[in-house]
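Here are some friendly notes to read alongside the model. Please keep the structure open as you go through the points.

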Amino acid sequence: MFLNDVTEALEDFTNSSGNDNDSENTSSGSTPNTAPPRNTVVKGTSVSLPLGEGDSGPFVEDIQEQLIQAGYRLPRYGADGVFGEETENAVMRFQRNYQLLVDGLVGQNTLRKLQEVLQQRVSSPDFPLPTGILRVGDRGNSVRQLQRALKQINYNPGAIDGIYGPNTQNAVRRFQSMFRALQNDGIYGPNTRKYIRMELDE
């Protein structure tokens, strides 16, 4: 994947140069001989980091797709390859949630953390999904299983308490809104189960 190629190229570059500074970090003072942003060449494509609002191309699209996989919605434009305000907001939320510098730019730290988050996701056998239909007012172990699965795919339902309340309903709705095939009703059923299972298996 394009994003993996860039991450590997960055690591090789950093190791060879001995420079561990992230392009996202800001320096405490200005220096007259500031080096220009370095370019990372990946499969014939030049990618200059950090990326921010106004950038476009296949690398931006790849970042957008992985943000969506990590649970950061892009409901208006999706993975369109254009780094607009919607993508910037998603990047800022991601950075805030993982204690990174919140600047809306995708530099080395944000890129590595995004890869790390996606690699930590586990398969569905570790998060068994209930069958049947669950909605607001339901309680029990089935609801608890659903809540654990939602939290694993970064749709936080709040407390894992086995109570299908407004927070769980909202988490289900947010997940459903990412797929045209799902009705955005906050009710967990066979179709929603199928798509959650797909996300867990990635």
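1. Ground rules. This is a predicted model, in which local features need pLDDT of at least 70 and side-chain atom pairs count only at pLDDT 80 or more, while totals for chains, interfaces and linings use all residues. Residues are numbered from 1 along each chain as its sequence is written, and side-chain values use heavy atoms, with hydrogens and water left out.

2. Overall layout. The protein chain has seven helices and two strands, and along the sequence they follow the pattern α-β-β-α-α-α-α-α-α. Helices here are DSSP runs of H or I with at least four residues, strands are runs of E with at least two, and both are numbered from the N terminus. Of the 202 residues, 41% count as buried. Buried means under 20% relative accessible area, exposed means over 50%, and partly exposed is in between, using a 1.4 Å probe and protein chains only. Among the contacts with a separation of 6 or more, 52% come from residues 24 or more positions apart; contact means heavy atoms within 4.5 Å.

3. Packing of α5 and α6. Which angle do helices α5 and α6 make where they pack? Helix α5 (residues 141-152) and helix α6 (residues 166-176) meet at about 50 degrees, and their axes are 11 Å apart. That angle makes α5 oblique to α6, since angles under 35 degrees count as roughly parallel, over 145 as roughly antiparallel, 65 to 115 as roughly perpendicular and the rest as oblique. The axes are lines fitted to C-alpha atoms, for helices over the stretch in contact, and the angles run from 0 to 180 degrees between N-to-C directions. The crossing of α5 and α6 is left-handed, meaning that the near helix is turned anticlockwise from the far one by less than a right angle; clockwise would be right-handed.

4. Who makes that contact. On the α5 side the residues are L146, Q147 and L150, and on the α6 side they are T168, A171 and V172. By class, the contact of α5 with α6 has four nonpolar, two polar and no charged residues. In this scheme Ala, Val, Leu, Ile, Met, Phe, Trp, Tyr, Cys and Pro are nonpolar, Asp, Glu, Lys and Arg are charged, and the others, Gly among them, are polar.

5. Around α5. Q145 is in helix α5 and is buried, at 19% relative accessible area. Leaving aside neighbours within four places in sequence, Q145 is in contact with P128, L129 and P130. R139, in the loop between α4 and α5, is exposed at 64% relative accessibility. Not counting residues up to four places away, R139 touches G162 and I163.

6. Salt bridges. How many salt bridges does the count come to? There are two, taking a salt bridge as a side-chain nitrogen of Lys or Arg within 4 Å of a carboxyl oxygen of Asp or Glu. One joins R76 and E86 at 3.9 Å, N to O. R76 is in the loop between α2 (58-69) and α3 (85-97), whereas E86 is in helix α3, 10 residues apart. R76 is exposed at 56% relative accessibility, but E86 is buried at 9%. K113 and E116 also meet in a salt bridge, at 3.0 Å, N to O. Both lie in helix α4 (residues 108-120), three residues apart, about one turn of the helix. E116 is partly exposed, with 34% relative accessibility.

7. Backbone points worth a look. Most residues other than glycine have a negative phi, and most peptide bonds are trans. Here the L49 to P50 peptide bond is cis, with omega near 5 degrees, and P50 lies in the loop between β2 (45-48) and α2. Q99 has a positive phi, near 55 degrees; Q99 is in the loop between α3 and α4 and is exposed, at 68% relative accessible area. N154 also has a positive phi, near 70 degrees. N154 belongs to the loop between α5 and α6 and is partly exposed, at 23%.

8. A buried loop residue. A70 lies in the loop between α2 and α3 and is buried, with a relative accessible area of 0%. The C-alpha atoms of A70 and E199 are separated by 9.5 Å, although the two are 129 residues apart along the chain.
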